[in-house]
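Work through the two exercises below with the model open. Each solution goes step by step.

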Amino acid sequence: MDKKPQEGKPANKKPAAQDVAAQLELKPGQSIELLKALHILTREGKLNQDSRRKLKQVYHLYQFIEPLLGELSKNEQAVTLADHGAGKSYLGFILYDLYFKVLGRGKIYGIETRAPLVETSQKLAAELNFDRMEFLNMSVAESTRADFMPERFDVVTALHACDTATDDAIAFGIEKKAKAMVLVPCCQAEVAACLRQTKALSLTRTPLAELWRHPIHTREMGSQITNVLRCLYLEACGYQVTVTELVGWEHSMKNELIVARYTGHKKRASAERLHQLLAEFGLSGLAALRYPHLPAETQPTEQGAEAAVLGA
């Protein structure tokens with residue numbers, strides 16, 4: 001005999017989208033179909049541990065970016081945002097879905113060097129009718145020089161842009177007079193390579209060189225020095241800088257978040273301290289390449305630079 005459904009109990013049915021969103025702790029208004037298209041959710045609407053980490057990082061970053069967008073969108077302004085090292089454009093798509101789509105104005109540019117990822121993002125944006133998203137197959141440095149790009153950008157983001165791509169994103173922001181930059185640096189090799197080259201000399205002149213004598217410490221010190229120099233550079237160029245964690249360390253080892261807001265107050269002391277650190281660590285050769293906007297008068301004299309290198 002067929003069993004009849006018990007009275008008072010509804011027949012089995014798929015949970016409503018809002019119920020799924022609540023179970024997955026998604027932000028209000030978040031498109032579940034977008035997350036499936038980005039492969040953050042499976043076709044069945046499931047969220048695995050790796051995808052949960054990615055989504056948590058993007059959501060936490062969104063919490064820092066959304067207030068900036070709200071402030072800059074006042075008076076009907078159409079905000080322009082450049083997302084450097086966009087990768088699969090998780091950040092760009094979620095920003096558009098949660099903020100730009102509802103706002104009805106503003107534009108996001110995703111900049112990425114891997115052509116297949118750019119093509120995939122372009123196709124997805126077209127399918128979703130995200131008309132104010134544009135994806136460019138080029139490096140950050142190339143985008144800075146591209147004539148067809150807007151002369152100014154309001155916000156610059158870079159989530160895990162590798163090595164010197166974060167420096168290029170900062171240079172882009174300064175060139176484009178960005179009002180805010182939100183940066184999560186990734187692997188960094190340039191400064192560590194310089195420390196390795198001068199390690200023997202450094203060990204003879206200062207006990208501080210013990211901090212990067214071993215290879216693993218060289219890498220860690222290179223990363224730490226790189227981000228300290230970036231913050232000083234931003235302050236010297238008129239930005240107020242906040243440094244904090246992006247998410248818990250269990251979610252990502254590349255976890256440093258740098259938020260810079262333009263105030264116009266260029267700190268001479270920060271420029272001078274940056275030059276002093278470059279000289280102390282034998283990195284002065286990077287000054288013109290990485291920090292071209294530093295005031296010339298803050299650069300140490302040849303005698304002063306030589307004294308710093310000799311540990312005087």
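The largest cavity has a volume of about 30 Å³. The model is a predicted one.

**Exercise 1.** State how many cavities of 30 Å³ or more the structure holds, and describe the lining of the largest cavity by residue and by class.

*Solution.* 

Step 1. Count the cavities: the structure has one of 30 Å³ or more.

Step 2. List the lining of the largest cavity. The residues are Asp-163, Thr-164, Asp-167, Gln-188, Ala-189, Glu-190, Val-191, Thr-226 and Arg-230.

Step 3. Sort this lining by class.

Step 4. Look for helices in the lining. At least two of the lining residues come from H8, and at least two from H10.

**Exercise 2.** Describe how helix H8 and helix H10 pack, and which residues make the contact.

*Solution.* 

Step 1. Locate the helices. H8 covers residues 190–197 and H10 covers residues 215–236.

Step 2. Read off the geometry. The axes of H8 and H10 lie 8 Å apart, at an angle of about 125°. H8 is therefore oblique to H10, since an angle from 65 to 115 degrees would count as roughly perpendicular and one over 145 as roughly antiparallel.

Step 3. Name the contact residues. H8 contributes Val-191, Ala-192, Leu-195 and Arg-196. H10 contributes Thr-218, Arg-219, Met-221, Gly-222, Ile-225 and Thr-226.

Step 4. Sort the contact of H8 with H10 by class. Five residues are nonpolar, three are polar and two are charged.

Terms used
Residues are numbered from 1 along each chain as its sequence is written. This is a predicted model: local features need pLDDT of at least 70, side-chain atom pairs count only at pLDDT 80 or more; totals for chains, interfaces and linings use all residues. Side-chain values use heavy atoms; hydrogens and water are left out. Axes are lines fitted to C-alpha atoms, for helices over the stretch in contact, and angles run from 0 to 180 degrees between N-to-C directions. Helices (H or I, at least four residues) and strands (E, at least two) are DSSP runs, numbered from the N terminus. Angles under 35 degrees count as roughly parallel, over 145 as roughly antiparallel, 65 to 115 as roughly perpendicular and the rest as oblique. Contact means heavy atoms within 4.5 Å. Ala, Val, Leu, Ile, Met, Phe, Trp, Tyr, Cys and Pro count as nonpolar, Asp, Glu, Lys and Arg as charged, and the others, Gly among them, as polar. On a 1 Å grid over the protein atoms alone, a cavity is a set of points where a 1.4 Å probe fits but cannot get out, and a pocket is an open set with protein on both sides within 12 Å along at least five of seven lines; lining residues have an atom within 4 Å of a point. Grid points are joined across faces, edges and corners, and a volume is the space filled by probe spheres set on the points.
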